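This report concerns a helix pair, aromatic side chains and overall composition. Please examine the structure shown below alongside the text.

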Amino acid sequence: MSSLKNIPPIDEVIKQPRVQQLVEKYNREYILTIARQAAGQLRDEIRKNQIDIDRDQATELILARVEDEAFKSNRGKMKRVVNGTGVVLHTNLGRAPLSERAAVHVAEMGRYYSNLELDLEKGERGSRYQHVEDLLVSLTGAEAALVVNNNAAAVLLGLTSFAQGKEVIVSRGQLIEIGGAFRIPEVMKQSGAYLVEVGTTNRTYPADFEKAINENTAMLFTAHTSNYKVMGFVREVGLNELVQLGKKYNVPVMQDLGSGCLLNLGEWGLLEEPNVPECVASGADIVCFSGDKLLGGSQAGILVGKKHYIDAMKKNQLLRALRIDKLTLAALEMTLLEYHSGQPSQNLPVINMLSRSPEELQGKARRMLRGLHRAFKGDDRIAEIELCTVFDTIGGGAYPTYEMPGYGVQIEFSNISIETAAKNLRLGDPAMLVRKQDDRLIISARTVFEDEIKLLPGLFAQAMNRQ
Ligand SMILES: *Cc1c(COP(=O)(O)O)cnc(C)c1O
C-alpha cells in the first residue's frame with residue numbers, strides 16, 4: 001500500500017521535460033487527460049498487485065505510458081492490417097486494397113487542387129462524372145455510366161428515379177440481405193417503390209413476373225444472390241428472360257449485380273459468374289455493382305446502361321446526396337485504367353490474389369515459412385511451424401460457397417493459447433489477422449502481400465513478447 005504515496009501529483013508530471021515536449025506538440029488538455037489516466041491506471045495496479053516501487057520508478061512508468069499513448073493516438077485509430085485470413089475481399093478489412101497507381105493518384109489528387117469539376121479545355125465548370133464515364137462505357141459496352149457513393153446508393157438511385165410510388169417486381173428468391181444491413185425490401189421502402197414479390201423462395205418462372213405486370217409496374221428488378229446459394233430444386237428467371245418481358249411490356253429491367261466483375265474469371269479456373277459486359281450485352285436497361293468488390297477499386301456504386309435512364313438519374317436531386325467523393329473517384333479512375341491499358345491481373349491486388357496458381361501460392365508460403373523458421377529456430381515457445389494447404393474464399397458477397405485451394409503456414413505454440421496469440425497479433429503494429437484451426441494458427445499466403453512477408457517474424461516476436 002505504501003507505494004501509492006509514490007505516485008507523483010499531476011502538476012509534477014506535467015513539469016517533466018519529456019511531458020513538456022509533448023505539450024508543445026499536442027493539445028495541453030489532451031496530454032493532461034492521458035497523464036491522469038496513466039496515474040490512475042498505475043494506482044489501480046499498485047492496489048491490485050501490491051507492487052513495491054519508488055517515486056522515480058512510478059514517474060518513469062507514467063511518462064512512458066503518456067508518451068506511448070500520445071504516439072499511438074497521433075497515428076490515428078485506423079491501422080494497416082496484414083491479412084492472413086485468405087479472404088480476399090474481407091468486409092471488415094476494407095474490402096479491396098488499391099493498386100499502386102490508384103493509391104498514388106489518390107495521394108496526388110488529395111494533396112493538391114484538381115480539375116474535379118472543371119473543363120480544362122473550355123475553362124468552364126465541368127462534371128465530376130465525366131472523368132470515368134468514357135472508361136466505363138468502353139469497358140462494359142454500355143451506352144452511358146454514372147458513379148455514386150456505393151452500390152446501395154446506386155440501387156436506391158435507380159429505384160427512386162423510376163419507381164417512386166409505383167410497383168417493382170422481384171422474385172422471392174432474391175429478397176436478399178447483405179452484411180451491414182442492406183436489405184432489398186428495406187431499400188425499396190426507402191425509395192418509395194412498392195415491392196411486388198413473385199414466385200417462391202426456390203422457384204420463380206417468367207410467367208410469375210408476367211402475371212404481376214400491370215399499368216403500375218415501373219420496373220423488373222433482379223439482384224444477384226451474392227452471399228448465399230439456394231441448392232437443389234431451384235428455378236430463377238434469367239436476365240435474358242426478364243429482358244424479353246421488359247421489352248414486351250415496355251418496362252425497364254434493373255440488375256443489382258453486387259460484385260460486378262469486368263473480366264472472365266473462368267480464365268483462372270475460377271467459377272464462372274455473369275460479368276458486367278455480359279449483363280449489359282443481355283440488354284438489361286440498368287446494371288449496378290460495387291467499385292470495391294471484384295472490380296478491385298474504391299468504395300463506389302457504378303451504374304451502367306441505356307443512355308436515357310442514366311441521363312434521368314443524373315438529373316435526380318438525390319444524386320447530390322449520394323455523390324462520389326474526389327478521392328474515391330481518383331482511385332476508381334486509375335483502377336479502371338488498369339483494365340483499360342494496364343495489366344489487371346498483375347497490378348490490381350484483388351485480381352492478382354485471385355489469379356495465383358497453387359504452385360505460386362506454395363512458393364510464397366515457403367518463403368513465409370523460411371523467414372519464420374530462421375527467426376524462431378530453437379525457440380521453445382513454438383512447438384511447430386510448417387507448410388499447410390488451405391481453402392481460401394473470395395468474400396465480399398461474391399461466390400458464396402466457392403473455395404479456392406491455396407497454401408499457408410501453420411503454427412502451434414507451446415506456452416500461449418491460440419486465442420492469446422491471435423489477439424496479440426491483432427494488437428500489433430501493423431495489426432495482423434489470422435485463421436484459427438483447432439490448436440493451430442494459420443496464415444494463408446494468398447492475401448499476404450509479397451512485401452509483407454518480411455514483416456511476419458517481427459510481428460510474431462512482438463505478439464509472443466506481449467503479456
Ligand atoms: C454488396 C452488395 C450490395 C451493397 O453494395 P455496397 O457497395 O456495399 O453498398 C448490394 N447488392 C448486392 C447484390 C451486393 O452483393
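In H3, the residues Tyr30, Ile31, Ile34, Ala35, Ala38, Ala39, Gln41, Leu42 and Glu45 meet Ala58, Leu61, Ile62, Arg65, Val66, Glu69, Ala70 and Ser73 of H4, where contact means heavy atoms within 4.5 Å. The model is predicted: local features require pLDDT of at least 70, side-chain atom pairs count only at pLDDT 80 or more, and totals for chains, interfaces and linings use all residues. Residues are numbered from 1 along each chain as its sequence is written, and side-chain values use heavy atoms, with hydrogens and water left out.

Helix H3 covers residues 28-49 and helix H4 residues 55-74; their axes come within 9 Å and cross at roughly 130°. Axes here are lines fitted to C-alpha atoms, for helices over the stretch in contact, with angles from 0 to 180 degrees between N-to-C directions. H3 and H4 are therefore oblique to each other, a class left over once angles under 35 degrees (roughly parallel), over 145 (roughly antiparallel) and 65 to 115 (roughly perpendicular) are assigned. The crossing of H3 and H4 is right-handed (the near helix is turned clockwise from the far one by less than a right angle).

Three aromatic pairs are found in a search of the whole structure. Rings of Phe, Tyr and Trp (its six-membered ring) pair if their centres lie within 6.5 Å; planes under 30 degrees apart count as stacked, over 60 as edge-to-face and the rest as tilted.

Phenylalanine 413 and phenylalanine 460 are both buried, that is, under 20% relative accessible area, with exposed over 50% and partly exposed in between (1.4 Å probe, protein chains only). Tyrosine 26 is buried at 17% relative accessible area, whereas tyrosine 30 is partly exposed at 26%.

The protein contains 19 helices and 18 strands; these are DSSP runs numbered from the N terminus, helices being H or I of at least four residues and strands E of at least two. Of its 467 residues, 50% are buried. The C-alpha trace spans about 85 × 50 × 45 Å along its principal axes.
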